[in-house]
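Welcome! Let's take a friendly look at a ligand and the protein residues around it.

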Amino acid sequence: DMGGHDTYMHKEIFEQADAVDRVLRGRIDDRFSTVHLGGLNLDAREARQIRRVKILGCGTSYHAGMIGAQMIEELARIPADAEPASEFRYRNAVVDPDTLYIAVSQSGETYDVLAAVQELKRKGARVLGVVNVVGSAIAREADGGMYVHAGPEVCVVSTKCFTNTTVAFALLALHLGRTRDLSVRDGKRIIEGLRKLPAQISEILDQEEEIKKLAAEYAEAHSMLFIGRVRGYPVAREASLKLKEVSYIHAEAYPASELKHGPLALIEPALPTVAIVPNDDLLEKNRAALEEIKARSGRILAVAHQHQEKADQTIVVPKNEDELDPILMGIPLQLLAYHTALALGRDIDKPRNLAKSVTVE
Ligand code: F6R
């Protein structure tokens, strides 16, 4: 049942405010400015012993994991990174007993992720699952974890589950932070930011008509570049994947800081750039990148917290706490991918060559 929407992708994009409400529900502890995550099976002493965090997932779940790693490193000051589970499995990685491994999966059935979890467990590592489908193989195999409560996701491409997974990681980062050196004040600040998310998501989705107009323009592109820096980079990666999957337009994501080391050679009027430009301490750096592109006659669409002069168009999104901004900044680009695909007459809920869960090697 699509509840009045023409596709599941559209329905699921518009369910995101409610979905985020669900992942937050019952977990916030205002008294200690932290969150309760009962299913982690990790007591405070064990949490303090973690020396590193390694997050594993595929596709969109990997991108959510990249955002999660940054949040954990920023809020809990534990070195953290994300890696495609498929790569991790095959490189005979060193498995370290002081590292917390986290497997991320919407379906909980992705074979490469499951195999990574099994290999880790065989070597005695502690593995948590951040999973959407309750009772799925990865959820059962993990030592503990959290459900992201996005609800059933039918469209082959992931939208609401991505958003909920990033929120789940914010909760985990806050929880780990508050077992360590994150102050009560910062804990409160993050909780207030989390509570603002559902209304801010609705505000973004209210801009659908304007985004649809932009999409009509970008549907003519043969290729697009997505750039972002630090917090904006995984957002660019995910937006680029979404556009490729549903519109079949070639897209590439690059760290904005790496432009001058190669991709600038591609810039010309026929290659539009989508730039993630949050109002954080890197704003001036990002503006300089826009200038570099403009000087080479590149067309720019910025996703930012305020109008960007160097961009041809700006989608303005509401500002949250710096650490939580990545949760919101990709949402207008889900709509851009959607409307671009619609303008091109693509089979949005079932893109060619793709399956909802990849249970083979
Ligand atoms: C992207 C997409 C895929 C999945 C990937 C992992 O829109 O649908 O990239 O994200 O196959 O799937 P899960 O999260 O089920 O492990």
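Predicted model: local features only at pLDDT ≥ 70, side-chain atom pairs only at ≥ 80, totals over all residues.

A polar contact here is a pair of N or O atoms within 3.5 Å.

**Contacts with the ligand**

The shell around the ligand has 13 residues, and those that come nearest are S61, S105, Q106, S107 and T110.

| Side chain | Ligand atom | Distance |
|---|---|---|
| S105, N or O atom | oxygen | 2.6 Å |
| S107, polar atom | oxygen | 2.7 Å |
| T110, N or O atom | oxygen | 2.4 Å |

On its own, the ligand has 410 Å² of accessible area, and the protein covers 91% of that.

What kinds of residues make up the shell around the ligand? They divide into 8 polar, 3 nonpolar and 2 charged residues. Two helices, α4 (59–76) and α11 (232–247), each supply at least two residues of this shell. Of the elements involved, α4 gives the most, with 3 residues.

**The pocket**

Where does the ligand sit? Its place is in the largest pocket, which has a volume of about 490 Å³. This pocket is lined by 23 residues, and C58, G59, A355, K356 and V358 lie nearest its centre.

The lining of the largest pocket counts 10 polar, 9 nonpolar and 4 charged residues. At least two lining residues come from each of α4, β5 (99–105), α6 (111–122) and α11. Which element supplies the largest share of the lining? That is α4, with 3 residues.

**Bringing it together**

Note on methods
Residues numbered from 1 in each chain as written. Heavy atoms only, no water. Near = heavy atom within 4 Å. Polar contact = N/O pair within 3.5 Å; in protein donor to acceptor, adjacent residues only side chain to side chain. Areas by Shrake-Rupley, 256 points an atom, 1.4 Å probe, with all protein chains shown as cover. 1 Å grid on protein atoms, 1.4 Å probe; cavity = no way out; pocket = protein on both sides within 12 Å on 5 of 7 lines; lining within 4 Å. Sits in = over half its atoms within 2 Å of the grid points. Helix = DSSP H or I, 4+ residues; strand = E, 2+ residues; numbered from the N terminus. Nonpolar A, V, L, I, M, F, W, Y, C, P; charged D, E, K, R; others polar. Points joined across faces, edges and corners; volume = space filled by probe spheres on them.
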